[in-house]
Amino acid sequence: MKMRKELWFGFTIMALIVTPVLVLTPWSHLFDANLTRADLGVLGLLMLALVVVAIMLGFPTAFTLMGMGVMFAWFAYRSANPDLAVRQTLDLMVQRAYAVMSNDVLIAVPLFVFMGYLVERAALIERLFKSLHLALTRVPGSLAVATIVTCAIFATATGIVGAVVTLMGLLAFPAMLRAGYNTSVAAGSVTAGGCLGILIPPSVLLIVYGATAGVSVVQLYAGAFFPGIMLALLYVGYVIVLAKIKPSLMPPLAESERRVVLSPVAQTLAPRGRNALAGLFDGLRRPGIPKRAVLGQLVASVLPGLAMGALLILMFHTATAPVIEASTAGLVEAGGEVAAAVQEESVGLIGAPAEEEAGEAQELSPPPAAEEAKPVAEAPSTAPTEQPAAPAERRPVPTWLWIFLGVTVLVLAGLYWAWTWERLEVFKMLLASFFPLALLIIAVLGSIVFGFATPTEAAAVGAFGGFLLAIAYRFIEHWRGPARSRAVWTTTREMGAILKESSFLTAKTTAMVCWLFVGSSIFSAAFALLGGQEIIERWVLSLGLTPLQFMILAQFIIFILGWPLEWTEIIVIFMPIFIPLLAKFGVDPLFFGLLVALNLQTAFLSPPVAMAAFYLKGVAPPHVTLNQIFGGMLPFMGIQLVALALLYTFPGIGLWLPQVLYGR
Amino acid sequence: MAFFLRMQKTLLLVDKISTWVGHAFSWFIVALTLQVSWEVFSRYALDRPHSWAFDVMIMFYGTLFMMAGAYTLAKNGHVRGDVLYGYFAPRTQATIDLILYVVFFIPGVIALTYAGYYYAEESWRINEHSNVTAEGPPVYPFKTIIPVAGGFLLVQGIVEIIRCIICLKEGHWPSREQDVEEVDVDKLKEMVHVKDEDIRSIPAGSGASKKHGAA
């Protein structure tokens with residue numbers, strides 16, 4: 001009886017928590033309003049213990065927190081003034097609820113969630129995986145690498161772990177098994193890759209952390225960017241090394257799996273020469289070959305060159321123009337102003353953190369964003385590149401630009417020299433799947449990080465972009481399908497359904513997150529009223545920990561909590577307890593947030609409640625066991641811990657970008 | 001038996017009302033997306049920002065999630081700590097839920113609704129307007145959302161309590177109405193053109209017997 005054992009274990013833990021609670025409760029004072037300060041503090045700790053038990057029992061957490069918060073807030077107020085207790089409790093409650101309703105950080109949650117559902121339904125993951133798979137055939141363990149890269153991009157855009165793991169479990173997992181990959185390795189790369197979306201911005205986790213801890217979401221996004229990329233690269237590196245050491249785990253692909261089907265024009269031109277670029281120019285002059293098709297291929301071919309050229313021109317302008325027009329002093333001043341404006345804006349964004357009694361409307365952040373956004377929008381494009389240009393104080397182009405130009409020319413020359421017909425075909429596939437999604441992510445993320453738009457604005461435009469993306473992909477699919485004449489009508493009907501489904505799902509997810517936030521903000525208010533926070537603070541400080549020990553302890557506790565709880569609960573309930581302690585140990589809340597986000601990745605991969613494993617099991621063939629999936633996830637969990645250690649040892653990985661951009 | 005069947009119909013009716021309200025307010029996300037996108041366009045491209053944009057944005061968001069609370073409860077969508085709950089027999093689940101609904105949910109939500117009512121009433125009485133900008137839009141309809149959402153939530157909570165009682169008597173959970181799900185495996189299969197036969201025909205990967213793992 002396996003079930004029994006788990007239940008017994010759970011009940012033992014609960015008993016261990018409840019017994020001291022029952023013993024320590026100041027029963028005699030509880031109902032006669034004579035609670036002393038010390039009694040209240042004890043009551044606060046009891047409340048925390050009880051809430052852990054209630055969560056373990058499985059009651060909807062939002063309402064557990066709300067109910068418990070009301071009760072204990074009443075106890076606290078009653079000990080101060082019994083006559084006003086009910087009034088004060090009710091006031092506290094409604095003000096907390098209203099503060100969440102008018103929270104200008106959390107508002108980005110539904111928008112990003114909506115964008116995620118729309119992108120998920122755009123039906124582009126199949127193309128994305130296929131094109132990346134063909135693009136990466138030469139890499140060892142290519143299918144696993146393609147899986148992780150697809151997951152990273154798709155999960156970043158959608159942020160929905162369950163859907164990404166399920167989709168990749170349907171697409172990549174069978175492909176890997178057919179290619180003779182080891183089951184555990186295949187399962188590990190799907191599950192670990194699918195969870196990247198909660199770390200790499202724009203992620204909802206970081207918004208919720210920002211709202212809880214009062215840290216600017218903009219800075220969190222800037223900070224989480226490189227740690228996220230680092231984790232993805234570590235995964236890829238691990239897979240490549242493993243494939244090199246033990247080729248039997250990930251055998252190279254069969255020739256048939258690697259072959260790229262060329263387009264008709266390419267097929268006629270290919271026998272004449274290996275290089276596609278030369279072949280296409282040649283094809284333009286030859287009779288009997290459709291000119292339009294050749295031109296189309298040619299345009300696709302020169303796109304990388306054009307893109308690099310545009311980038312170079314942009315860099316040239318930003319690097320030289322200010323030096324000619326203004327003196328260096330003016331430049332620095334302008335740069336400072338921009339930085340200040342960005343700072344001010346981000347302060348405005350988190351002006352009303354959930355911590356404060358932000359019940360009244362006047363505490364909503366003032367609208368400086370409206371006026372200030374304009375100068376910010378115009379200026380920052382020059383800001384980041386000014387720093388390297390300014391010290392040189394030369395009118396001509398700075399040296400680094402020449403070096404960059406040289407490197408670009410070399411890269412492009414190499415690229416076009418190796419521009420075979422197969423590569424052209426793969427590039428065209430990437431152009432249709434990888435680049436639109438990457439562009440959407442970069443546009444959303446870039447406009448937030450560089451201060452062109454607030455996270456809310458970027459999220460809304462991103463959701464709109466996701467909608468357009470879904471229309472485009474659905475339409476192209478129908479256009480190429482059998483019923484071309486009805487493509488417009490079919491797409492419209494489908495988009496109606498997609499919009500409806502996405503809206504309903506968004507409403508449910510948002511209600512889940514935000515009601516949890518309502519509950520927890522009432523709960524943490526009660527906790528603070530009772531003085532539980534003070535007791536914990538005094539206790540932690542009495543341990544005499546060094547900052548390093550404190551950090552390890554905190555991350556360890558969060559790691560343990562990640563087993564039974566979901567990330568929403570951990571952040572919303574336990575962060576308010578940790579955050580006030582950070583200042584005592586001189587830990588940057590931004591840095592702490594990055595560590596927490598990285599740490600909570602493990603929550604999805606650690607058995608018994610590893611959501612990712614169950615989603616994969618749900619779509620895997622019957623002979624794949626849960627143990628194989630868990631076994632495959634373990635090395636990736638190890639990598640997550642390595643990444644955590646790396647980030648802790650070199651905080652610059654996370655803090656460099658916010659420092660450069662916002663001068664933290 | 002007949003009583004339970006009649007009861008079941010009433011439960012499903014309340015579910016339907018909560019769902020309908022939730023669905024109706026779900027469209028606010030579309031409105032919010034369009035409004036913010038338009039505001040961005042209007043400000044950057046047309047150079048014509050609107051002073052009320054911020055307030056309207058907040059109101060869309062706040063109304064959206066508050067009014068979807070009962071709908072989410074009706075679909076069992078509020079996050080639960082699923083450590084032990086899944087291992088319990090339905091009767092045990094129902095007992096725990098029943099107790100905690102009465103101890104935590106009912107007092108909490110009644111308090112919220114009651115407090116929200118007076119909060120909104122005061123706002124109506126003083127004709128409160130948003131002071132984010134000089135001539136802010138009225139705030140009282142927005143504050144009225146608190147008691148309204150609380151009321152819907154309370155009714156849905158009572159339905160959930162009755163569900164617990166039915167489960168205690170019958171030994172299994174009464175059914176719920178279907179709704180869109182975040183991970184709808186069948187839909188996802190259709191989207192990527194995978195059929196069940198395909199999954200069954202997948203060969204076992206290499207090294208299925210010798211275990212690869214803890215590196």
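Buried area here is the accessible area, taken with a 1.4 Å probe, that two parts lose on being put together, summed over both. Keep that in mind for the interface. One caveat before the numbers: this is a predicted model.

On that definition, chain B and chain A bury about 9,000 Å² between them. Carbon and sulfur atoms account for 74% of that area. In terms of residues, 93 from chain B are in contact with 117 from chain A.

Now the polar side of the interface. The count of residue pairs in polar contact between chain B and chain A, both at pLDDT 80 or more, is seven. The rule finds one salt bridge across the interface. B:R43 pairs with A:E457 in a salt bridge, and their closest N and O atoms are 2.8 Å apart.

Which elements of chain B give two or more residues to the side that touches chain A? They are α1 (2-26), α2 (28-44), α3 (53-67), α4 (69-74), α5 (90-125), α6 (140-170), α7 (185-191) and α8 (196-200). The most comes from α5(B), with 15 residues. By residue class, the chain B side that touches chain A has 56 nonpolar, 21 polar and 16 charged residues.

Last, the cysteines. Over all chains, the structure holds zero disulfides. In chain A, A:C514 counts as buried because its relative accessibility is 0%.

Key:
Residues are numbered from 1 along each chain as its sequence is written. Chains are lettered from A and ligands numbered from 1 in the order in which they are written. This is a predicted model: local features need pLDDT of at least 70, side-chain atom pairs count only at pLDDT 80 or more; totals for chains, interfaces and linings use all residues. Side-chain values use heavy atoms; hydrogens and water are left out. Contact means heavy atoms within 4.5 Å. A salt bridge is a side-chain nitrogen of Lys or Arg within 4 Å of a carboxyl oxygen of Asp or Glu. A polar contact is a pair of N or O atoms within 3.5 Å; within protein, one must be able to donate a hydrogen and the other to accept it, and residues adjacent in sequence count only if both atoms are side-chain atoms. Helices (H or I, at least four residues) and strands (E, at least two) are DSSP runs, numbered from the N terminus. Ala, Val, Leu, Ile, Met, Phe, Trp, Tyr, Cys and Pro count as nonpolar, Asp, Glu, Lys and Arg as charged, and the others, Gly among them, as polar. A disulfide is a pair of cysteine sulfur atoms within 2.5 Å. Buried means under 20% relative accessible area, exposed over 50%, partly exposed in between (1.4 Å probe, protein chains only).
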